[in-house]
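User: I would like to learn how to read some features of this model. Please take them one at a time, with the general idea before the case.

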Amino acid sequence: MVPYTSGDIPDDKHDFLRELHSDIVSRQYVPGHPREYIVMNKHNYVARIIPTFNYRDASVYFFVIKALEDLIAENRVYGTYGGWRLGNPIRRREDEEFDLILSMSYNSYNPLAWVNNWRDFQKKVYIYSQQYEYDCFIQFDIANFYNSVNLRLLERNIRLLSSIEYTAVVDLLFVFLHYWNRIFEGYFPKAVGLPQDEIGDMSRILANFYLQSYDSTIYAIVSNAGSGYLRYTDDQLIFARNCSIGLEHLYRSSVELHKLNLDINSSKVRIFNNRLDFERYWAFDIFRLLQDKDDYHSIATAIGVFFSWIKNNIDFRKHSVLTRILSVDFSRLPNHVRSPLIDELLAKDFLSQSNYWMLKKIYVNLSNEERDLMFSKLDDLINILPFNSFHYNILKFYSDYRKSYDTSSLLNRIRQLRLQPTTLDASR
């Protein structure tokens with residue numbers, strides 16, 4: 001997301017790696033400062049801070065997780081997802097790839113594994129929802145998951161699992177994890193939190209490993225009661241015969257998570273005491289209608305259901321559905337269907353949460369007049385939003401699709417929004 005400058009990129013890859021290896025084996029390596037901190041709108045104007053590491057630190061983080069993934073990058077508990085292995089280096093994504101990764105993280109070393117894990121998770125959610133012994137469905141997630149991972153617990157569990165031959169690799173991993181953020185936290189070693197970096201696969205693998213003991217305990221408790229349990233990263237679902245049983249599982253989950261220094265986000269717990277509300281929330285019917293990109297009758301029907309549910313105040317995953325609609329050629333839809341859809345896509349709230357690929361998909365399906373309106377709204381948001389993730393996406397989008405735009409003002413806005421390091425006054 002953050003463009004590289006000439007000074008960021010090594011002149012010679014082999015010389016760069018030899019020098020980095022020499023620094024590691026001579027114990028001179030310490031993490032540098034991230035090139036940038038990306039600030040995203042997590043929800044309701046709450047910021048999520050995402051570091052963008054330099055080449056040295058990204059290489060070290062990738063190397064240590066690659067060396068350890070045989071031990072830690074596995075889905076060891078049935079129904080849990082997120083532990084897939086690192087893939088090949090990031091490659092240029094073509095248009096056809098976009099449809100696969102649209103609603104998931106597009107910053108991954110292995111986007112296909114991300115997609116497959118998410119699709120398998122969704123399929124299991126649907127299968128569990130159709131099992132008629134379940135009348136209670138509880139959805140919840142972990143509050144500030146990555147920021148709450150206890151590094152001492154994580155290190156202990158990795159060392160217990162690994163043999164002595166991994167000692168140097170584990171040492172290097174925790175040098176990185178303790179000191180990557182010292183521009184804000186100083187020289188005292190960081191004790192809690194994994195970096196949600198721009199290429200998030202390494203922290204994802206560690207976070208999934210951190211939850212394995214919890215998964216084993218909760219899966220056993222839930223299964224012994226005849227209930228179901230699914231987890232995708234920190235999002236979790238419990239399926240039970242009734243809500244008395246389901247709430248007992250939720251209570252036990254909160255107790256077990258506390259043992260890992262983690263807590264359930266109480267404001268995001270959703271309890272469905274009937275199957276219809278749960279199925280509507282997941283919008284299974286709408287997603288089914290959107291499966292065939294060439295079936296414009298079904299697509300129009302899906303969009304009609306989408307607006308009907310909004311009108312009737314039905315609780316469902318509105319943003320996910322709207323994002324999925326971007327994968328179809330909605331320029332070919334009849335105007336009475338297309339017009340309200342364009343209004344929804346060009347709403348400032350949706351535009352403010354759109355990444356480059358989403359903006360691109362909207363743009364190519366618009367008329368020239370609609371494109372002018374889109375640019376006007378984006379220009380307004382540039383001056384309003386404090387989240388530089390939006391501005392970096394706009395920088396790339398405008399560079400590709402608005403050639404006449406002078407990006408100097410946008411770059412100046414990005415500089416204004418840059419997080420400033422903590423400074424210490426040594427004279428005090």
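Analyst: Start with surface patches: they are made of residues with over 30% relative accessible area and no salt bridge, where like charges are joined within 9 Å and nonpolar side chains (Val, Leu, Ile, Met, Phe, Trp, Tyr) within 5 Å. A salt bridge is a side-chain nitrogen of Lys or Arg within 4 Å of a carboxyl oxygen of Asp or Glu. Accessible areas come from the Shrake-Rupley method with a 1.4 Å probe, and for residues only the protein chains shown count as cover. The model is predicted, so local features need pLDDT of at least 70 and side-chain atom pairs count only at pLDDT 80 or more, while totals for chains, interfaces and linings use all residues. Residues are numbered from 1 along each chain as its sequence is written, and side-chain values use heavy atoms, with hydrogens and water left out.

User: Which residues make the nonpolar surface patch?

Analyst: Y4, I9 and Y55 make a nonpolar patch of about 270 Å². Y55 lies in helix α2, residues 55–72. Helices (H or I, at least four residues) and strands (E, at least two) are DSSP runs, numbered from the N terminus.

User: What is L68 in contact with, leaving aside its neighbours within four places in sequence?

Analyst: Contact means heavy atoms within 4.5 Å. With those neighbours set aside, L68 touches Y166, V169, V170 and L173. Under the same exclusion of neighbours within four places, T52 is in contact with V2, P34, R35, E36, I38 and E198.

User: How should I read burial for a whole element, and how many residues of strand β5 are buried?

Analyst: Go through the element residue by residue. Five of the five residues of β5 (228–232) are buried, so this strand is largely enclosed by the rest of the structure. In a regular strand the side chains alternate between the two faces of the sheet. In β5, G228, L230 and Y232 lie on one side and Y229 and R231 on the other, and both faces are covered. Helix α9 (201–210) can be read in this way too: ten of its ten residues are buried, so α9 is largely enclosed by the rest of the structure.

User: Which strands pair with β5, and in which sense?

Analyst: Two strands pair if DSSP finds at least two bridges between them. Strand β3 (80–81) and β5 pair in the parallel sense over two bridges, with Y81 opposite Y232. On β6 (235–240), the pairing with β5 is antiparallel over five bridges, and Y232 stands opposite D235. Two residues separate β5 and β6, which form a hairpin.

User: In what order do the five strands of the open sheet run?

Analyst: The order is β3-β5-β6-β4-β7, with mixed pairing. The edge strands are β3 and β7 (270–272), each of which pairs on one side only.

User: Which helices lie across β4, β6 and β7, and at what angles?

Analyst: For such angles, axes are lines fitted to C-alpha atoms, for helices over the stretch in contact, and angles run from 0 to 180 degrees between N-to-C directions. Helix α11 (243–258) lies across β4 (136–141), β6 and β7 at about 145° to β6. Helix α12 (275–282) lies across β4, β6 and β7 at about 40° to β4.

User: What is the phi of N44, of A283 and of T233?

Analyst: Most residues other than glycine have a negative phi, and most peptide bonds are trans. N44 has a positive phi near 55°; A283, not a glycine either, has a positive phi of about 55°. T233, in the turn of the hairpin of β5 and β6, has a positive phi of about 50°.

User: Where do N44 and A283 lie, and is each buried or exposed?

Analyst: N44 lies in the loop between β1 (36–43) and β2 and counts as exposed at 63% relative accessibility. A283 lies in the loop between α12 and α13 (284–289) and is buried, with a relative accessible area of 0%.

Conventions:
Buried < 20%, exposed > 50% of the residue type's maximum accessible area, 1.4 Å probe, protein only.
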